[in-house]
Amino acid sequence: MLRRAAWGVDLTGGAVQAVHVERRGDRFRVVDVVEQPYSTPGDASETLLSHLPAGCDRALQELLRRHAASLSDPVFVALPTFGSRHGFIELQVSDPAKAEALLDFELHQALGGDLSQWAVRFGSLRRRADGLAASFFAQRRDLLASFLNDVRRVGVPVDGLIPGPVALARYARSEWPDPGLQLVLEVKRTRTDYVYVTPERTRFRSSPLGCGGMKEPEFLPRSPQRDFDELAGRLVHEHHAARKALFGAKDGTALSRVHLLGDGARHPELRAALAELLHTEVVVPHLGRTIDLAPSRTKAHASRALELGTPLGLALAALDPPRGEAWDEDASLVKPPAERRLLRGLPVLTTALLIVAFGLLALRWLVARDVESDEKELARVRAAVAWGAADDWEEARAAATADAQRCAELEGKAAALRNQMSFPGRLLESLRPPDVGARLVSLLLTPGEGQDEAELEFEIEKPQTKALERLAAHLEATGLSVVSSEGQRTESGGLFAKLKVTVHRVGSAP
Amino acid sequence: MRFAALALALAAFVFAFQDFVQRTWPLLGRDRAALAEHARVIDEHLARGEARGAPPSVQEVAHARELARAWRQERIEHERTFFAGAARASDYLLPPHRRPAVDGLAEQRTALEQLLLSLPAELKAFAGASPERLGLEVPSLSGGLSDDERRVADQVARSTALVRVLAAAHAVPNFVARDLAFERVAPASGSERLLLKVGGEAPLTDAVQFFEVVLGDAADAPPRRLESFSLRRVPANEWGAAARRLPSPPVRIELRVGFEPVGDERRAARKGVPK
């Protein structure tokens with residue numbers, strides 16, 4: 001299976017924070033975490049700029065040096081939201097087909113005219129009671145290009161660019177899909193993002209105030225609570241201002257939960273102070289719902305990785321882009337460079353070539369097996385019907401028939417010979433009785449096909465009445481067939497009889 | 001790394017493609033040919049089945065062969081009886097218990113020479129009959145029997161035919177021999193046949209006996225076939241010397257005898273005939 005992984009990189013807030021996340025089915029695994037501070041120690045605020053903060057270059061170089069190999073995976077970078085616009089457009093139509101034109105119109109109103117200067121991303125259209133609504137995010141193209149050039153100039157590949165708070169909201173929705181209003185408070189070293197997440201909409205605001213003024217937890221003084229109370233008070237104050245600006249003064253929606261992320265999440269004192277001031281549960285993530293950590297990481301590392309909300313949101317957006325939606329607020333504002341797309345296509349091409357190669361080799365095995373099977377079947381079919389036996393049978397029948405004919409021929413010849421041989425004797429014997437009164441004077445025996453023919457001539461000295469007929473009857477009685485008979489009186493008063501007879505064969509084969 | 005993997009995959013693909021072209025493609029051709037042959041054999045089976053019906057079973061074939069073997073034995077038995085054990089004409093020169101001869105023609109040639117030497121004396125009974133007129137080549141000190149197989153076969157046929165007639169003439173006491181001649185006739189089909197024509201005078205009863213002896217069973221000549229037989233009363237003024245020799249009025253006999261051919265090619269064992 002192809003390995004799918006991506007980097008999420010946040011360059012703002014006084015440190016380069018990056019996570020390398022791998023997708024495994026429906027879950028995600030953090031395989032690497034990078035935190036490279038670049039802000040001056042003790043510095044708790046930054047100037048909101050659209051380009052890279054000072055000192056960020058060196059941190060990025062460090063990232064490039066240590067993780068050059070894995071940076072071939074998609075790298076999504078958080079876009080600073082300075083100068084951007086975001087909001088929520090409500091439409092009085094219910095037909096989504098008409099929404100696009102109306103959204104474009106409303107966007108002109110919101111952005112003040114020419115849209116060509118803005119890179120805009122809409123959120124998905126949501127159906128409401130009175131029509132349709134969609135969120136949008138817009139950033140000026142010159143600011144976008146300026147930031148992109150800064151990052152690429154350093155050498156960091158940028159495959160996707162998503163506003164930092166939007167990525168943070170993506171992470172929050174993935175990990176805490178709870179109903180109600182949730183505040184995701186990402187307190188970084190020099191800035192804080194306030195992201196208000198509801199299932200339908202994301203609102204956010206950033207303030208140039210972070211926890212960079214606090215020492216690291218291990219170097220904190222004995223009673224640091226006072227500093228944290230003061231920081232928490234300023235953060236809550238900003239929260240109220242942001243809420244008033246984003247929701248309106250009359251909004252009474254209660255916060256269901258506050259999620260504390262970023263560097264501030266490392267300080268339990270800050271979490272306690274915020275909880276006390278906000279009168280709401282403030283939680284720091286320790287266990288991911290869909291995200292886990294590589295086994296080599298310690299528990300502390302695991303919980304720390306889960307606190308990097310913006311990089312994780314960027315990585316999730318890279319690995320799990322929403323499908324089938326025409327508009328997507330999480331979609332990247334830029335496309336990856338062609339060479340990066342090509343480089344990432346190499347594994348697919350390699351895999352395809354290997355699959356084809358394996359398929360061709362497997363095909364030979366399959367075809368060889370098939371050929372063997374077909375040839376066996378052919379031999380079986382050839383031998384199944386015993387035409388050779390039929391030929392043998394025909395041969396034996398022909399031979400037996402010929403032999404039988406020969407036997408019959410020999411039997412017939414033998415019978416004919418016996419008949420021919422015995423005919424004169426039988427004839428004389430039949431003429432011997434005294435009442436015949438005829439004397440044989442000539443005999444001509446000629447064999448025929450099925451019967452023999454004979455011409456007999458008799459002399460009857462004292463012929464009686466119908467002597468010829470009586471002679472013929474006598475011959476008939478002896479087994480001869482008289483064919484013709486003719487009588488002629490002689491000078492002496494006798495009768496000369498000439499008969500043609502056929503001789504039937506009697507008896508059987510010898 | 002990725003390019004190296006791609007190069008390896010490309011090499012594997014080239015190897016597999018070459019293997020496909022050199023081995024798999026011919027195998028596919030063989031497979032197609034086997035399938036086509038398979039279809040052709042089935043069509044042939046169907047066509048032969050429609051034309052000739054179902055083939056016989058092994059038992060039926062065995063039964064047919066058994067019957068053919070029985071018929072062959074019966075035919076051999078019939079031929080042995082009909083031809084008195086002779087397989088060729090020269091076998092009649094040997095006694096019946098030594099037929100058919102298996103040691104060549106040497107002995108038959110000796111017997112033939114002896115027979116040819118003895119025949120001239122026997123022919124004196126027939127007026128006008130001489131070895132030359134009968135086509136007999138009597139061996140002499142200057143010249144023996146010919147080496148030509150056809151001439152030897154002709155001598156065998158003539159001498160064995162004469163043996164039976166001469167034996168009949170001697171067996172019938174009151175037979176007065178007149179004519180004796182061979183005649184060659186060409187039938188509608190087959191080879192030329194030799195006929196023997198015998199004429200003589202004898203009382204009626206002796207004429208019938210002569211006829212029966214000539215045509216009767218005898219092991220010293222091939223089976224004889226009657227071509228024609230006539231008896232005719234001899235007028236008294238033609239009796240001549242016969243009147244003194246014969247006890248009763250003579251009849252004139254004319255007998256034409258043919259001989260059954262021995263060793264016919266049609267009876268040779270055919271291919272596949274069970275032995």
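In the predicted model described here, A:Glu186 has A:Leu261 as its bridge partner in strand E13 of chain A. That pair belongs to a parallel arrangement in which seven bridges join strand E10 (residues 181-187) of chain A to strand E13 (residues 255-262) of chain A.

## The five-stranded sheet of chain A

Strands E10 and E13 are part of an open sheet of five strands in chain A, ordered E12-E11-E10-E13-E14, whose pairing is mixed. At its edges stand strand E12 (202-207) and strand E14 (282-283) of chain A, and because each has a single partner strand, one side of each is left without a neighbour in the sheet. Helix H4 (residues 164-175) of chain A lies across E10, strand E11 (192-197), E12 and E13 of chain A, and runs at about 50 degrees to E11(A).

Chain A as a whole has a secondary structure of 11 helices and 19 strands. Of its 510 residues, 50% are buried, and among the contacts in chain A with a separation of 6 or more, 67% come from residues 24 or more positions apart.

## The sheet formed by both chains

Strands of a sheet pair through backbone hydrogen bonds, in either a parallel or an antiparallel manner. A second open sheet, with antiparallel pairing, is built from eight strands in the order E18(A)-E19(A)-E17(A)-E16(A)-E3(B)-E4(B)-E2(B)-E1(B). Its edges are strand E18 (480-489) of chain A and strand E1 (176-185) of chain B; each of these has a single partner strand, so one side of each is left without a neighbour in the sheet. On average, and with direction ignored, neighbouring strands of this sheet are turned by 15 degrees against each other.

Within the part contributed by chain A, strand E16 (residues 439-446) and strand E17 (residues 452-460) run antiparallel and are joined by seven bridges, and A:Leu444 stands opposite A:Glu455 in E17(A). Helix H10 (residues 387-431) of chain A packs on the sheet, where it touches E16, E17, E18 and strand E19 (495-503) of chain A together with strand E3 (224-233) of chain B, its direction making about 165 degrees with that of E16(A). Helix H4 (residues 149-171) of chain B also packs on the sheet, touching E1, strand E2 (193-203), E3 and strand E4 (250-259) of chain B, and its direction makes about 150 degrees with that of E1(B).

## Aromatic rings and charges over them

Over all chains, a search of the whole structure finds eight aromatic pairs. One of them joins B:Phe13 and B:Phe17, whose ring centres are 6.1 Å apart and whose planes stand at 20 degrees; because planes under 30 degrees apart count as stacked, this pair is stacked. Both residues lie in helix H1 (residues 2-52) of chain B, four residues apart, which is about one turn of the helix. Another pair is formed by B:Phe20 and B:Trp25, with centres 6.2 Å apart and planes at 55 degrees, so this pair is tilted.

| Residue | Relative accessibility | Class |
|---|---|---|
| B:Phe13 | 24% | partly exposed |
| B:Phe17 | 45% | partly exposed |
| B:Phe20 | 16% | buried |
| B:Trp25 | 47% | partly exposed |

The ring of B:Trp25 also has the charged end of B:Arg32 sitting over it, 5.4 Å from its centre. In chain A, A:Arg243 lies over the face of A:Phe247, at 5.6 Å from the ring centre.

## Cysteines and backbone features

Zero disulfides are present in the structure over all chains. Two cysteines of chain A are buried: A:Cys211, with a relative accessible area of 4%, and A:Cys407, with a relative accessible area of 2%.

In chain B, the peptide bond from B:Arg99 to B:Pro100 is cis, with omega near -10 degrees, and B:Pro100 lies in the loop between helix H2 (58-82) and helix H3 (106-122) of chain B. The loop between H2 and H3 of chain B also holds B:Ala84, a residue other than glycine whose phi has a positive value near 55 degrees; at 23% relative accessibility, B:Ala84 counts as partly exposed.

A positive phi, of about 55 degrees, is likewise found at A:Lys466, although this residue is not a glycine. A:Lys466 is placed in the loop between E17 and helix H11 (467-477) of chain A, and with a relative accessible area of 59% A:Lys466 is exposed.

Notes
Residues numbered from 1 in each chain as written. Chains lettered and ligands numbered in written order. Predicted model: local features only at pLDDT ≥ 70, side-chain atom pairs only at ≥ 80, totals over all residues. Heavy atoms only, no water. Phe/Tyr/Trp six-rings, centres within 6.5 Å; stacked < 30°, edge-to-face > 60°. Helix = DSSP H or I, 4+ residues; strand = E, 2+ residues; numbered from the N terminus. Buried < 20%, exposed > 50% of the residue type's maximum accessible area, 1.4 Å probe, protein only. Lys NZ or Arg CZ within 6 Å of the ring centre and 35° of its normal. Pairing = 2+ DSSP bridges. Axes fitted to C-alpha atoms, helices over the stretch in contact; angles between N-to-C directions. Contact = heavy atoms within 4.5 Å. Disulfide = S-S within 2.5 Å.
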